[in-house]
Every structure is written in C-alpha cells, then in structure tokens.
Amino acid sequence: MSRLTDTQLIILSAASQRDDRGVELPANIKGEAARKAVDKLIRAGLLEEVRAAGSLPVWRRDDESGPMALRITKNGLDAIDVEG
C-alpha cells in the first residue's frame with residue numbers, strides 16, 4: 001500500500017487501542033472525507049466491515065445486514081507496528 005495519510009494513521013491507531021479493535025472515526029472527519037479514508041483502508045485490507053455488536057461503534061446501516069461496524073485487521077495492526 002502507498003504511504004498512509006495522517007487521517008488514516010489516526011483511524012488505525014485509535015482502533016488498535018480499543019479492546020474490541022473497533023473504529024470510531026474522529027469527530028472532525030465526516031461525510032465524503034470519512035468514506036474515502038475508510039474505503040482505501042478496506043481495499044488495502046487494513047480495516048474490515050463487520051456486523052455491529054457489543055461495543056463496536058456503528059459505521060453505517062445496511063438494509064439487509066443492519067448496523068455495520070469497522071474493525072482493524074491483523075494487516076492494519078502490522079501497518080502501524082502494533083502486535084495483535
């Protein structure tokens with residue numbers, strides 16, 4: 001993957017510090033900017049989309065699957081040098 005942006009590093013770092021590895025987007029990242037940052041991280045395999053359960057923050061709502069959340073992957077942890 002190409003070099004990560006500051007925004008992407010913030011997203012991955014924050015998720016790595018949570019027990020559930022869930023992604024809670026920073027308050028200043030909204031709308032299209034959030035979607036672009038997240039889409040790139042998903043395509044790179046650094047984040048995955050999962051059904052929201054427990055303490056996982058809801059990222060979006062899907063008509064069929066219901067509430068969806070984002071979670072950092074092993075590759076995401078490796079990208080920021082955090083052991084999973």
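Residues are numbered from 1 along each chain as its sequence is written, and side-chain values use heavy atoms, with hydrogens and water left out. In this predicted model, local features need pLDDT of at least 70 and side-chain atom pairs count only at pLDDT 80 or more, whereas totals for chains, interfaces and linings use all residues.

**Overall fold**

The protein contains three helices and three strands, where helices (H or I, at least four residues) and strands (E, at least two) are DSSP runs numbered from the N terminus. Read from the N terminus, these elements follow the order α-α-β-β-β-α. The radius of gyration of the protein, 12 Å, is close to the 12 Å that the globule rule gives for 84 residues, so the protein is as compact as a globular protein of that length; the radius is taken over C-alpha atoms, and the rule is 2.2 Å times the number of residues to the power 0.38. The C-alpha trace spans about 35 × 25 × 20 Å along its principal axes.

Of the 84 residues, 35% are buried, a term that means under 20% relative accessible area, while exposed means over 50% and partly exposed lies in between (1.4 Å probe, protein chains only).

The protein carries 13 positive and 14 negative charges, whose mean positions are 3 Å apart. Lys and Arg count as positive and Asp and Glu as negative, with His and the chain ends not counted, and each charge is placed at NZ of Lys, CZ of Arg, CG of Asp or CD of Glu.

**The strands**

Strand 3 (residues 66-72) is mostly covered, with five of its seven residues buried. Strand 3 pairs with strand 1 (residues 47-51) in antiparallel fashion through five bridges, and it also runs antiparallel to strand 2 (residues 58-62), to which four bridges join it; two strands pair if DSSP finds at least two bridges between them. Ala69 of strand 3 stands opposite Val50 and is also the bridge partner of Val58.

| Residue | Relative accessibility | Class |
|---|---|---|
| Ser16 | 11% | buried |
| Thr73 | 14% | buried |
| Thr7 | 30% | partly exposed |

Ser16 belongs to helix 1 (residues 6-16), and, when residues up to four places away in sequence are not counted, Ser16 touches Arg21, Ile72, Leu77, Ile80 and Val82. Thr7 is also found in helix 1; apart from neighbours within four places in sequence, Thr7 is in contact with Ile29 and Ala37. Between Thr7 and Arg43, which are 36 residues apart in sequence, the C-alpha to C-alpha distance is 16 Å.

Thr73 sits in the loop between strand 3 and helix 3 (74-79). Leaving aside neighbours within four places in sequence, Thr73 is in contact with Gly45, Leu46, Leu47 and Glu48.

Methods:
Contact = heavy atoms within 4.5 Å.
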